[in-house]
Amino acid sequence: MYISLQELGIFLVMLVLFVAGIYLIITLNSINKVALFINKHINDNEKNIQEIINNATNSMKNINEISNSVYKNKEVIDVQIPETIDNIHSLSSTLKSTGEKVDYSVDIVNTSLIETASNVQENTEDILSYVRIVSEGFRIFLEMLSKR
């Protein structure tokens, strides 16, 4: 008994088709399980999904109202926003200038205080020198009176 090449080829093709059929059944079974899992979760969360759809619808209405409002006020926005930016720029320039003036004034006050402190120290040293001289003179005078 001999097996011809044609019979061997048919057997191999049938074997491949049988294995492919088994894999196809396994794959379809897995796809069916995933579909059932997704369907179960959709059914469990149907209320939440409906709420999301309602919220999306309301959000779209709100976005439409905002768009219409912006479009109606376009001229006002086109004029007022640049003016506001210019005002803010002017204010910041003024604040910068004022800050520089305050900084300069603080430097002047600081320099004046340092000079005043230096003068007070010199005057104090001079007064102390005069007090020493007067006290020394007074001491000498008292010694002269006590010796007589």
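User: Why is the contact between arginine 139 and glutamate 136 called a salt bridge?

Analyst: In this predicted model, the N to O distance between the side chains of arginine 139 and glutamate 136 is 2.2 Å. A salt bridge requires a side-chain nitrogen of Lys or Arg within 4 Å of a carboxyl oxygen of Asp or Glu, so the contact qualifies. Both residues lie in helix 3 (residues 74–147), 3 residues apart, about one turn of the helix.

User: What makes Glu136, Arg139 and Glu143 a network?

Analyst: Salt bridges link Glu136, Arg139 and Glu143. Besides its bridge with glutamate 136, arginine 139 forms a salt bridge with glutamate 143, where the closest N and O atoms are 2.4 Å apart. Glutamate 143 and arginine 139 are 4 residues apart in helix 3.

User: Why is arginine 139 called partly exposed?

Analyst: The relative accessible area of arginine 139 is 39%. Buried means under 20% and exposed means over 50%, so a value in between is called partly exposed. Glutamate 136, at 36%, therefore counts as partly exposed, and glutamate 143, with 36%, is also partly exposed.

User: How do you know that aspartate 44 and lysine 40 form a salt bridge?

Analyst: Their closest N and O atoms are 3.3 Å apart. The limit is 4 Å, so the pair meets the definition. Aspartate 44 and lysine 40 both lie in helix 1, 4 residues apart. Lysine 40 has 49% relative accessibility and therefore counts as partly exposed, since exposed requires over 50%.

User: Why is phenylalanine 11 called exposed?

Analyst: Phenylalanine 11 has 52% relative accessibility, and exposed means over 50%, so the term applies. This residue is in helix 1 (residues 5–44). Phe11 also belongs to a nonpolar surface patch of about 1,200 Å², whose other members include Ile3, Leu8 and Tyr23.

User: How does the radius of gyration of the protein chain compare with that of a compact globule?

Analyst: A compact globule of 148 residues would have a radius of gyration near 15 Å, but the protein chain has 51 Å. The C-alpha atoms fill a box of roughly 165 × 65 × 35 Å along the principal axes. The chain has 3 helices and 0 strands, and 0% of its 148 residues count as buried.

Notes:
Residues are numbered from 1 along each chain as its sequence is written. This is a predicted model: local features need pLDDT of at least 70, side-chain atom pairs count only at pLDDT 80 or more; totals for chains, interfaces and linings use all residues. Side-chain values use heavy atoms; hydrogens and water are left out. Patches are made of residues with over 30% relative accessible area and no salt bridge: like charges are joined within 9 Å, nonpolar side chains (Val, Leu, Ile, Met, Phe, Trp, Tyr) within 5 Å. Accessible areas come from the Shrake-Rupley method with a 1.4 Å probe; for residues, only the protein chains shown count as cover. Helices (H or I, at least four residues) and strands (E, at least two) are DSSP runs, numbered from the N terminus. Buried means under 20% relative accessible area, exposed over 50%, partly exposed in between (1.4 Å probe, protein chains only). The radius of gyration is taken over C-alpha atoms; the globule rule is 2.2 Å times the number of residues to the power 0.38.
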